[in-house]
Amino acid sequence: MIDLQGKVAVVTGASRGIGRGCALEMARHGARVVINYRSHGDEAEAVAQECRDLGGEALVVQADVGDRPAVDALFATVLERFGGVDILVNNALRTIRKPFLELTPEEVGATWDVCLMAPFYCSQLAARQMVRQGRGGKIVMISSVLAFIPLPNSLPYNTAKAGLEQMAFTMATELLPHRINVNVVEPGWTDTPGERAFLPEEELQAEARKLPWGRMATIHDIGRVVAFLCSDAADYVTAETVRVDGGYWLPRAPAPVNQDT
């Protein structure tokens, strides 16, 4: 069902976490993968080697995608190496967990630069190239269930993800004539290195067992869905949100009914 042979896929923030999962699934299905990173170069190179071990071609490109000139340079490198772009996965992440009353404008702006402006920059450049190529394309936004669940102490991130989804749907509307699909993936709580910054391992795993599915999502759970949306099998899917959260957003099941009352 999933065939990405020969496709050029740019994955932002691909050195670890969900971005790594997306890059590996792209390579698994034959894509030539551009692994973007900002500050984890060794890990990005390791992901590239994993992609090659899966039979894919991989290019590592350092760029802070929250900076437009850096994004210009990123896409210039991609076009020089591969001659085009067919897939863009906007995954790069920055977040801060801090009470609303204590946030500074700089902290909020830094989060929005990466979680909101970076997808705008990357999507615009990718879409312009896709239009020039005339063969359509796929853009996927990695959002979060926090786009609609107001998790306390996470205002910059929650707000950015909500805005990202409206951005995606507006882009999808405008890009319909060019057959460029734009979709959103909403992960729930996902097992990534970044989660260890907020909870120690033992507590993290204990909380994960309380989730409806009994575990956190893996990066491969997310990557497989993203790969599908980037394939020809999803050609008739655009402006959609695919929630990959194991029921995280659902109300918790009620206690069993006591038959003796």
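1. Quick reminder on terms first: a residue is buried under 20% relative accessible area, exposed over 50%, and partly exposed in between, with a 1.4 Å probe and protein chains only. Glu50, at 27%, is therefore partly exposed.

2. Mind that this is a predicted model: local features need pLDDT of at least 70, side-chain atom pairs count only at pLDDT 80 or more, and totals for chains, interfaces and linings use all residues. Residues are numbered from 1 along each chain as its sequence is written, and side-chain values use heavy atoms, with hydrogens and water left out.

3. Now helix H1, residues 17–28 (helices are DSSP runs of H or I with at least four residues, strands are E runs of at least two, both numbered from the N terminus). From first to last C-alpha H1 reaches 17 Å, close to the expected 16 Å, which is 1.5 Å times one less than the number of residues. Of its 12 residues, 10 are buried, including Cys22, Leu24, Glu25 and Met26. After H1 comes Gly30, with a positive phi near 100 degrees.

4. Arg20 in H1 pairs with Glu50 in helix H2 (41–53), so parts 30 residues apart in sequence are tied together. Their side chains form a salt bridge at 3.0 Å, N to O (the term means a side-chain nitrogen of Lys or Arg within 4 Å of a carboxyl oxygen of Asp or Glu). Arg20 is partly exposed, at 26%.

5. The structure has 14 salt bridges. Lys138 and Asp235 make one of them, at 2.4 Å, N to O. This pair spans 97 residues, from strand S5 to the loop between helix H7 (219–229) and strand S7 (241–244). Lys138 is buried at 6%, whereas Asp235 is partly exposed at 45%. There is also a salt-bridge network of Asp191, Arg196 and Glu201.

6. On to the cores (sets of buried Ala, Val, Leu, Ile, Met, Phe, Trp, Tyr and Cys residues joined through side-chain atoms within 4.5 Å). The largest nonpolar core has 35 residues, and Val34, Leu74, Phe75, Ile139 and Val182 touch the most other members. Helix H4 (105–133) is among the elements giving two or more residues, and its eight residues are the largest share. Leaving out residues up to four places away in sequence, Leu74 touches Val34, Asn36, Val61, Ala63 and Val65 (contact means heavy atoms within 4.5 Å). A second, separate core of 32 residues includes Val33, Ile87, Ala234 and Val244.
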